[in-house]
Amino acid sequence: MVVLGIDIGGNQIRAGMVDDRGAILASRTIRTPNDLDVFLPELQSAIQWLLESTESPAGVGVGCKGVINPDSTRIELLRGPLHYLQGLRIADLVGLPLDVPVFADNDARVALAGEMVWGAAKDRSDVLMLTLGNGVGGAALINGQLMRGHSGVAGQLGHITLAPNGAICACGNRGCLETLFSARAIEAEAWAAVHRGCDSVLTRLFREQPQLANCRTVFQAAREGDAVAATITSRAIFNLGAALGGLLMIFDPEVVIIGGHVADAGADLLVPLQEEVWSRSRALLGRDVPIVEQQVADKSGIVGAAGLVMAPRG
């Protein structure tokens, strides 16, 4: 079986044909248009190219930010550069015949769907997933079902409150997890240290090579012994661990999956995170919940989107 997976991002749209082993047979990437009049022909042209290169898909899975109704595929809420898609049905945007089913959900649930079919959530019933990037996305598998909630907003784990009087978040709340742990939060802390003139390798790197002013560089500097970078990453991991320790009390998952580009830090993130989470949760849970990296290697979102089609449904 071949299915079409599509990831609609703010900067790029990625689409590809995926087989039942999770292998991408063909793919196309296009820059995300600025308006609907360009978006529709660009997307449908990419899909047509894939159809001509492979075969007609058995189904289509689409991942997109925002709040999406999985029954109708209607985008209920979408802020940012793709706001012009709000109110539209993704099934209509794809433009395939009605007999080809279209499944759609937000990008974090899509990532978990891919893990359900080919990764760390396979054959599991209760799983928590965090996607750590410029923000913090989340999704939960409860009794074998993706949790969506009454309004489809369930799983926005990056917007739980950690600091009631903290910084204003993009969502309108204050002190959300993603204001304390995310690529942007870590980069903002690093820039603040640079502006204060701290004695750190980050001061030289960020000023002389601004293209290196990213979360990856901060983790690398911490690994190499830079005290400022180590303080920034330790504080961020402490906050993430505190939030995740609380989430374990709510969800009691079999496993926690960490994805997103911040997870590329690997053991520098996972080892101290596990220690922090376990110290907060093991007394009540009576066990250490494994915290593992996302196993679906594809970072484009295509395979995860395909997982929406192939994931089991109750």
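Author: Two strands are said to pair if DSSP finds at least two bridges between them. The model is a predicted one, and within it Val-127 has Val-255 in β11 as its bridge partner.

Reader: What makes strand β8 and strand β11 a pair?

Author: The requirement is at least two bridges, and strand β8 (residues 127-132) and strand β11 (residues 255-259) are joined over five bridges in the parallel sense, so by that definition they pair.

Reader: Why are β10 and β12 said to stand at the edges of the sheet?

Author: The open sheet has five strands in the order β10-β9-β8-β11-β12, with mixed pairing. Because β10 (145-146) and β12 (291-293) each have a single partner strand, one side of each is left without a neighbour in the sheet.

Reader: Which strands does helix α9 touch, and what angle does its direction make with that of β12?

Author: Helix α9 (residues 267-285) packs on the sheet and touches β8, β11 and β12, while its direction makes about 160° with that of β12. Helix α3 (residues 107-118), for its part, lies across β8, β9, β10 and β11, and runs at about 50° to β9.

Reader: How do you know that the span of helix α5 agrees with its number of residues?

Author: At 1.5 Å a residue, the 13 residues of helix α5 (residues 183-195) should span 18 Å, and since its end C-alpha atoms are 18 Å apart, the two values agree.

Reader: Which helices do the buried residues of α5 pack against?

Author: The buried residues, among them Ala-183, Ile-186 and Val-194, pack against α4, α6, α7 and α8.

How values were computed
Residues are numbered from 1 along each chain as its sequence is written. This is a predicted model: local features need pLDDT of at least 70, side-chain atom pairs count only at pLDDT 80 or more; totals for chains, interfaces and linings use all residues. Side-chain values use heavy atoms; hydrogens and water are left out. Helices (H or I, at least four residues) and strands (E, at least two) are DSSP runs, numbered from the N terminus. The expected span of a helix is 1.5 Å times one less than its number of residues. Buried means under 20% relative accessible area, exposed over 50%, partly exposed in between (1.4 Å probe, protein chains only). Contact means heavy atoms within 4.5 Å. Axes are lines fitted to C-alpha atoms, for helices over the stretch in contact, and angles run from 0 to 180 degrees between N-to-C directions.
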